[in-house]
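Subject: Model handover and what is in it

Hello,

Here is the structure for you to look over. My notes on it follow below.

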Amino acid sequence: MKFAVMICTVALLLASSAVAQEGGNALSKTTISFATATPGGGFPLYGNAFAEVMNAADPTLSIEPRNTKGSNENIPLLEADSVDIATVAGEPSYEAFMGIGRPPATKLKILTAMYSNPGMFVVRADSPYKTIHDLVGHPIAFGAKGSGLPILSRYILDGIGLKQDEDFKSIYLDHAGDGPAMVQDGRVAALWGAGSGWPGFTRIAESSTGARFIAPTADEIAQIRAKHTFLKPLTIAASSYPKQTEAISSVGSWSYILVRDSLPDDVAYRLAKTLHGSEATFCKKLAQACETTAANTVAAAPEINLIHPGVLRFFREIGVAK
């Protein structure tokens, strides 16, 4: 009887020890708050996949995505240390890094380049519109109010001598996911977006109306780049969207995951190591994530010192940065 009681006591002690250890592990997790954008857009799609891959690869991480109004809200959230990391489009990132319209320049840093964003319009396949100038004077959905997409379109249109809010009936959405239905039912002539696998473009391309994409012509691309040199020539490969049989050339920039300036170096290092150790897994989960590589981050950063020091330490260890 005494022996049996002893066994039970030992078992209880071991069980208590295991629970305490599990509790300790849970407490030792590093929680990362991750701001994305409005539902229905590309940033939440990417952000949710990013969190799933990262949390699975490193059980000591707990990355928690949350919806926001997008890039224009995410930058001040990061600067106020209200979130740890955030998706930010290339154009608002560039303006923040350079101090354009908001001196002084931001101290935020780059965790990774996400994917390239060639900008273009989508219209119904049965619409009469074939060029950007055909859309002048018509209602156009330029994306969610707080996102970076309207900033990209403003630069591109300015490069060919057009003013977004004067030459078009510009509409800015409360939610990125509202745009496709507005194209399909005729409330707008076109929807502006960017990149491969963008949810709004996919929805229209898959719909019964079908899609036609409108991007700058070769001459217009030359004009845009002459005026706005930070925009790069980019291509959307054929079959990036349903029934898209040919590659589409345009201009744009890279979107980033930016981090607060106060994020500790060791945390940034762990995030970079986990992310780039999971590149193949992330690519399989989300097509546009195939561009999320260490090499692309080094190439896409406007200046190497804009990459977080902890991330740079990892990049130097693997030989992609000096």
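Y46 and F50 are both buried, where buried means under 20% relative accessible area, exposed over 50% and partly exposed in between (1.4 Å probe, protein chains only). Please bear in mind that this is a predicted model: local features need pLDDT of at least 70, side-chain atom pairs count only at pLDDT 80 or more, and totals for chains, interfaces and linings use all residues. Residues are numbered from 1 along each chain as its sequence is written, and side-chain values use heavy atoms, with hydrogens and water left out.

Aromatic pairs

Both Y46 and F50 belong to helix α2 (residues 42–57), 4 residues apart, about one turn of the helix. Helices (H or I, at least four residues) and strands (E, at least two) are DSSP runs, numbered from the N terminus. An α-helix has 3.6 residues a turn, so residues three or four places apart point the same way.

The structure holds 18 aromatic pairs. Y46 with F50 is a stacked one, at 6.4 Å centre to centre and 20° between the planes. The cut-offs: rings of Phe, Tyr and Trp (its six-membered ring) pair if their centres lie within 6.5 Å; planes under 30 degrees apart count as stacked, over 60 as edge-to-face and the rest as tilted. Y46 and F50 also belong to a cluster, linked by ring pairs, with F34, Y115 and F282.

Y269 and F314 have ring centres 5.9 Å apart and planes at 85°, so this pair is edge-to-face. The pair links distant parts of the chain, 45 residues apart: Y269 is in helix α10 (residues 265–276), F314 in helix α13 (residues 309–318). Y269 and F314 are both buried. The charged end of R313 sits over the Y269 ring, 3.9 Å from its centre. That term needs NZ of Lys or CZ of Arg within 6 Å of the ring centre and within 35 degrees of the ring normal.

Helix α13

The buried residues here are G310, V311, L312, F314 and F315. Their cover includes β4 (109–124), α10 and α12 (294–300). Just after α13, G319 takes a positive phi of about 85°.

Helix packing

α2 and α10 pack at about 100°, with axes 9 Å apart. That makes α2 roughly perpendicular to α10. Axes are lines fitted to C-alpha atoms, for helices over the stretch in contact, and angles run from 0 to 180 degrees between N-to-C directions. Angles under 35 degrees count as roughly parallel, over 145 as roughly antiparallel, 65 to 115 as roughly perpendicular and the rest as oblique. F50, M54 and A57 in α2 meet L271, T274 and L275 in α10, contact meaning heavy atoms within 4.5 Å. By class, this contact of α2 with α10 has 5 nonpolar, 1 polar and no charged residues. Ala, Val, Leu, Ile, Met, Phe, Trp, Tyr, Cys and Pro count as nonpolar, Asp, Glu, Lys and Arg as charged, and the others, Gly among them, as polar.

Helix α5 (residues 149–159) packs on helix α9 (residues 218–227) at about 105°, axes 8 Å apart. α5 and α9 are therefore roughly perpendicular to each other. I156, D158 and G159 in α5 meet Q223, I224 and K227 in α9. The α5 contact with α9 has 2 nonpolar, 2 polar and 2 charged residues.

Two buried residues

S153 is in helix α5. S153 counts as buried, at 0% relative accessibility. Leaving out residues up to four places away in sequence, S153 touches F142, Q164 and W192.

I85 is in strand β3 (residues 85–88) and, at 0% relative accessibility, counts as buried. Beyond its neighbours within four places in sequence, I85 has contacts including F34, F50, I257 and L271.

Backbone points to check

P103 and P104 are joined by a cis peptide bond, omega about 0°. P104 lies in the loop between α4 (90–98) and β4. S239 has a positive phi near 70°, and K243 has one near 65°. S239 counts as exposed at 61% relative accessibility, and K243 counts as exposed at 75%. Most residues other than glycine have a negative phi, and most peptide bonds are trans.

Overall

The protein has 13 helices and 10 strands. Buried residues make up 52% of its 322 residues.

Best wishes
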